Amino acid sequence: MRYIFALWAAPMALFWGWFYLSLNDMNFGYVMLTRQLHDFVFQLYGQMLGIDPAIIPGMVGKACIFDGFLLMAIWAFRRRREILDWVRRRRSGPVPLDRPIPFDRLNRATEVGPRLPAE
């Protein structure tokens, strides 16, 4: 499952990294990070899809969110037994202690501490 998450996250990081850098024209001397290429790519996609190029980033963002929820649902389905056990443990109440806490250690944790003189 981690490979699936990696294969999903790597292209997302590359796309959104390119999108942010090219949108703000932080090109560092590379043509592929220029605002002109950014506008050209979205103009080209807009012409191919027959839609306004300004709505393409929002559509890609919605698709990324949907894909993320889909991957989380697959992961939760695969781990459903562990998740149900965790929920049952959480509902059963506080975690029982293996051994009682010694009184002196508890007292040290709750005492006020040294008093400093007012300056």
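A contact here means heavy atoms within 4.5 Å, and among the contacts in the chain with a separation of 6 or more, residues 24 or more positions apart account for 40%. This is a predicted model, in which local features need pLDDT of at least 70 and side-chain atom pairs count only at pLDDT 80 or more, while totals for chains, interfaces and linings use all residues. Residues are numbered from 1 along each chain as its sequence is written, and side-chain values use heavy atoms, with hydrogens and water left out.

The chain holds 5 helices and 0 strands, where helices (H or I, at least four residues) and strands (E, at least two) are DSSP runs numbered from the N terminus. Of its 119 residues, 13% are buried, that is, under 20% relative accessible area with a 1.4 Å probe, protein chains only.

Helix 1 (residues 2-23) and helix 2 (residues 35-49) pack with their axes 8 Å apart and at an angle of about 120°, the axes being lines fitted to C-alpha atoms over the stretch in contact and the angles running from 0 to 180 degrees between N-to-C directions. That angle makes helix 1 oblique to helix 2, since angles under 35 degrees count as roughly parallel, over 145 as roughly antiparallel, 65 to 115 as roughly perpendicular and the rest as oblique. Helix 1 contributes Phe-15, Trp-18, Phe-19, Ser-22 and Leu-23 to the contact, and helix 2 contributes Arg-35, His-38, Val-41 and Phe-42.

Further along, the axes of helix 3 (residues 56-78) and helix 4 (residues 80-91) come within 5 Å and cross at roughly 75°, and these two helices are therefore roughly perpendicular to each other. Their contact is made by Trp-75, Ala-76, Phe-77 and Arg-78 of helix 3 together with Arg-80, Glu-82 and Ile-83 of helix 4.

Terms used:
Buried < 20%, exposed > 50% of the residue type's maximum accessible area, 1.4 Å probe, protein only.
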